[in-house]
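Subject: Structure handover

Hello,

Here is the structure for you to open. Please keep it on screen while you read my notes below.

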Amino acid sequence: MKLIAPEYYTKFHCIADKCRHSCCVGWEIAIDPDKLVYYRSIEGEFGARLQKGIAEADDAAQFILDDEERCPFLNRTGLCDMITALGEDALCQICRDHPRFRNFYADRTEIGLGLCCEAAGELILSQQEKLTLITLEDDGAADLPDIADESLLAWREELFALAQDRSKPIELRAAEILQTAGRTLSHYSWAEWAEIYLELERLEPSWTDRLLELKETDLTGISLDAMVWEPALEQLLVYFLYRQMPLALDDGEYEGRAAFAVLSFAMIRRLLLVHFALHGSVVLADLIEIARQYSAEIEYSDENVEILLYRIQEVL
């Protein structure tokens, strides 16, 4: 087995108390069985605090969030009391992994960073070079690749090439990916897409505000400087292809996942234009924040993704 990652992956580090949107707030934090056994073994004052902060039901366990939806071990300085008391090895799997994601193949695992994390977003969207995948680990085993895996990876390489063809505007590259996938997004206007997203499960009130602004803002004559913005927008499009395409191995939505990647890119780009139209200026931090919200609201909700996949293909 091999472990594959984008080249920038090794540069990531958690910014901890400097994070404005802590992953220790507002997220359900499930505890893996091995760590639950370990937590039960902790004695003393911190052990008692551990037991009090864990809820168990139906062979599953999670931390009990407080009234502000904060993890009970997130202190007011933005740091983790569990790390202070027990060390980083005491973290449960979700806490160790986030914002990392993994996609699995017969002979390889791909790992990446989710845009729901502002530090990951800044790292990804500030890249200037085209995506390069590197091998982090290789056990030397000669496992035979799966035919479906190889077919998907080959097609994704074609889509990467389209997305990273810098001789063309980014909108044209996205359109060519849709054409290759045999899909379209134009059966809905942007106001209608905004309404569809408003019908989905939503977390942050400010996300609702953005969608309402998208629905109501006239973008006639509004554009971004291609020289400034196309590198970041390219990274955005490639990110969604890298993360979303392998999931087609599970649900069979090969064309749909490609179109969903373009839809996600296009929605974030459109919201960036709305921000520019309403505020008169836009910087990379604005794109990072919009992408963070989109990822948290959409990518981490299987139900929301399924609805959007249906919306993409329902007119075919």
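By class, the lining of the largest cavity holds seven nonpolar residues, one polar residue and no charged ones. Ala, Val, Leu, Ile, Met, Phe, Trp, Tyr, Cys and Pro count as nonpolar, Asp, Glu, Lys and Arg as charged, and the others, Gly among them, as polar. The residues of this lining are P6, Y8, I124, L131, Q235, V238, Y239 and Y242. Helix α10 (residues 226-244) supplies the largest share, four residues. The volume of this cavity is about 50 Å³. The structure has one cavity of 30 Å³ or more.

Some ground rules. This is a predicted model, where local features need pLDDT of at least 70 and side-chain atom pairs count only at pLDDT 80 or more, while totals for chains, interfaces and linings use all residues. Residues are numbered from 1 along each chain as its sequence is written, and side-chain values use heavy atoms, with hydrogens and water left out.

Now the terms used so far. On a 1 Å grid over the protein atoms alone, a cavity is a set of points where a 1.4 Å probe fits but cannot get out. A pocket is an open set with protein on both sides within 12 Å along at least five of seven lines. Lining residues have an atom within 4 Å of a point. Grid points are joined across faces, edges and corners, and a volume is the space filled by probe spheres set on the points. Helices (H or I, at least four residues) and strands (E, at least two) are DSSP runs, numbered from the N terminus.

β4 (100-104) gives the most, with five residues. At least two residues each come from β4, α10, α11 (248-251) and α14 (302-313).

On to the aromatic rings. A pair of aromatic rings is described by the distance of the centres and the angle of the planes. Rings of Phe, Tyr and Trp (its six-membered ring) pair if their centres lie within 6.5 Å; planes under 30 degrees apart count as stacked, over 60 as edge-to-face and the rest as tilted. The whole structure has 11 aromatic pairs. One of them joins Y188 and W193, edge-to-face, at 5.1 Å centre to centre and 75° between the planes. Y188 counts as buried (under 20% relative accessible area; exposed is over 50%, partly exposed in between; 1.4 Å probe, protein chains only), because its relative accessibility is 17%. W193 is also buried, at 1%. The ring centres of Y239 and F240 are 5.0 Å apart and the planes are at 75°, so this pair is edge-to-face. Y239 and F240 are both buried. Ring pairs also link F101, Y197, W207, Y239, F240, Y242 and Y294 into a cluster.

In α5 (residues 118-125), seven of the eight residues are buried. These buried residues pack against β5 (108-113), α10 and α13 (284-299). I170 is in helix α7 (residues 170-181). Why does I170 count as buried? Its relative accessibility is 1%. Beyond its neighbours within four places in sequence, I170 is in contact (heavy atoms within 4.5 Å) with A163, E230, L233, E234, L237 and F265.

Last, the backbone. Most residues other than glycine have a negative phi, and most peptide bonds are trans. A cis peptide bond joins H98 and P99, with omega about 10°. P99 is in the loop between α4 (93-97) and β4. A16 has a positive phi, near 50°, and is partly exposed at 32%. E69 has a positive phi too, near 60°, and is partly exposed at 46%.

Best wishes
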